[in-house]
Amino acid sequence: MVVEICVKAATGAPDTLGDCPFCQRVVLTLEEKKVEYKLHLINFDAKPQWFLEVNPEGKVPLIKFDDKWIADSDVIVGILEEKYPNPSLSTPPEVSSVGSKIFSTFVKFLKSKDPSDGSEQALLDELKALDEHLKNKGPYINGENISAVDLSLAPKLYHLDVALGHFKGWTIPESLTHVHNYKKLLFSRESFQKTQAAKEHVIAGWAPKVNA
């Protein structure tokens, strides 16, 4: 059975996979579980009528299970784990929140216009905590095998890299070697390379928020 999934199309390129990290997380999960799927690329500048009818809030990712459309990447990933248990990507509860604040601190720092507001330090603190965890437990968050928490973090770290590099000329400090190795490990996976948005689309996606 082919799973149908709606994801964001690239800004200005409606036939290309877009820059939503939550969409990429779900598609990564499908790829890692070798589930056959059909992508519907949703142009955010002109959302199709059928899409708004099944999903009035107009949010992505959106996936179809048993004739029902379901939103929210957390919920979707949970259902995929239940329906397709092999290979298992479930993350033990004690490590499932590792790195969970990286995305929100990154967004705050990216949008910040005040160098002294502490947003850079907050992001650094989160990245250092991740580095420390990987040093003791790596190479993935839960040790040897990739799990759901890695597939959630991978697109967010990619956005962090691209957006902060472009808009702030900022990169993750070299001293955080375990984070750098972790990124290389994630970004080199076939599933990631197949589902990542082009850098220019990531930049185009963040530009309105940065310039707001």
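Tutor: On a 1 Å grid over the protein atoms alone, a cavity is a set of points where a 1.4 Å probe fits but cannot get out, and lining residues have an atom within 4 Å of a point. The model is predicted: local features need pLDDT of at least 70, side-chain atom pairs count only at pLDDT 80 or more, and totals for chains, interfaces and linings use all residues. Residues are numbered from 1 along each chain as its sequence is written, and side-chain values use heavy atoms, with hydrogens and water left out.

Student: Which residues line the largest cavity?
Tutor: The lining consists of K8, L17, G18, C20, C23, Q24, V27 and T195. Helix α1 (residues 21–32) gives the largest share, three residues; helices here are DSSP runs (H or I, at least four residues), numbered from the N terminus.

Student: Changing topic, how many salt bridges are there?
Tutor: There are 10 salt bridges, each a side-chain nitrogen of Lys or Arg within 4 Å of a carboxyl oxygen of Asp or Glu.

Student: What does D74 pair with?
Tutor: D74 forms a salt bridge with R25, and their closest N and O atoms are 2.7 Å apart. The pair links distant parts of the chain, with D74 in helix α3 and R25 in helix α1, 49 residues apart.

Student: Is D74 buried or exposed?
Tutor: D74 counts as exposed because its relative accessibility is 51%. R25 is buried, at 10%. Buried means under 20% relative accessible area, exposed over 50%, and partly exposed in between (1.4 Å probe, protein chains only).

Student: And what is the salt-bridge partner of K194?
Tutor: K194 pairs with E31, the closest N and O atoms being 3.1 Å apart. K194 is exposed at 57% relative accessibility, whereas E31 is buried at 14%.

Student: Where is D161 in its pair with K183?
Tutor: D161 is in helix α6 (residues 148–168), and K183 is in helix α7 (residues 177–187). Their side chains meet in a salt bridge of 2.8 Å, N to O. K183 is buried at 8%, and D161 is partly exposed at 27%.

Notes
On a 1 Å grid over the protein atoms alone, a cavity is a set of points where a 1.4 Å probe fits but cannot get out, and a pocket is an open set with protein on both sides within 12 Å along at least five of seven lines; lining residues have an atom within 4 Å of a point. Helices (H or I, at least four residues) and strands (E, at least two) are DSSP runs, numbered from the N terminus.
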